[in-house]
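Thanks, everyone. I'll be quick today. Please have a look at the sequence and the model first.

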Amino acid sequence: MTCTIEHLGRAAVASLDEDSTVQRAVDLMDDSNVGSIIVTREERVVGVFTERDLVKRVVNRGKSTADVKLKEVATTTCLVSVAHDTTCEEAIHRMKSNSC
């Protein structure tokens, strides 16, 4: 059986609009027991916010989670999207070819 993206999981993905605060994202990540969330604009994916983003771009710079918006600190480069029926091998190839 060939591995496809759809076989990796169908759970709902935690996401917030880019104008949401980092604090709201941290609360959602904690409630959802995840280490990252998808960042959207008008329901389209524009980035990802990770625990690493929190540490490097917020905490280490002394910023307040209540004041900073996701669009200011989320990772927005190196985003690769694939269809649900893409093979795992092809998805990995696309990430590598984009230096992700």
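Start with D17, which stands opposite T40 in β2. That pair belongs to a parallel pairing: strand β1, residues 15–17, and strand β2, residues 36–41, are joined over three bridges. How does the chain cross from β1 to β2? The path goes through helix α1, residues 22–32, and this β-α-β crossover is right-handed. Keep in mind that this is a predicted model.

Next, the other partner of β2. Strand β3 covers residues 44–50, and six bridges join β2 to β3. Here the strands run antiparallel. β2 and β3 make a hairpin, with two residues between them. In that turn, E42 has a positive phi of about 50°.

N33 sits in the loop between α1 and β2. Its phi is positive, near 55°, and N33 is not a glycine. Is N33 buried or exposed? Exposed, because its relative accessible area is 70%, and over 50% counts as exposed.

C78 is also not a glycine, and its phi is positive, about 60°. Look for C78 in the loop between α3, residues 70–73, and α4. C78 counts as partly exposed, at 37% relative accessibility.

Last stop, the surface. Which residues form a nonpolar patch there? V80, I92 and M95, with about 220 Å² of accessible area together. I92 lies in helix α4, residues 88–97. I92 is partly exposed, with a relative accessible area of 43%.

That's my tour. Over to you.

Conventions. Residues are numbered from 1 along each chain as its sequence is written. This is a predicted model: local features need pLDDT of at least 70, side-chain atom pairs count only at pLDDT 80 or more; totals for chains, interfaces and linings use all residues. Side-chain values use heavy atoms; hydrogens and water are left out. Patches are made of residues with over 30% relative accessible area and no salt bridge: like charges are joined within 9 Å, nonpolar side chains (Val, Leu, Ile, Met, Phe, Trp, Tyr) within 5 Å. Accessible areas come from the Shrake-Rupley method with a 1.4 Å probe; for residues, only the protein chains shown count as cover. A salt bridge is a side-chain nitrogen of Lys or Arg within 4 Å of a carboxyl oxygen of Asp or Glu. Helices (H or I, at least four residues) and strands (E, at least two) are DSSP runs, numbered from the N terminus. Buried means under 20% relative accessible area, exposed over 50%, partly exposed in between (1.4 Å probe, protein chains only). Two strands pair if DSSP finds at least two bridges between them. A crossover is right-handed if, with the strands pointing away from the viewer, the path from the first strand over the helix to the second runs clockwise.
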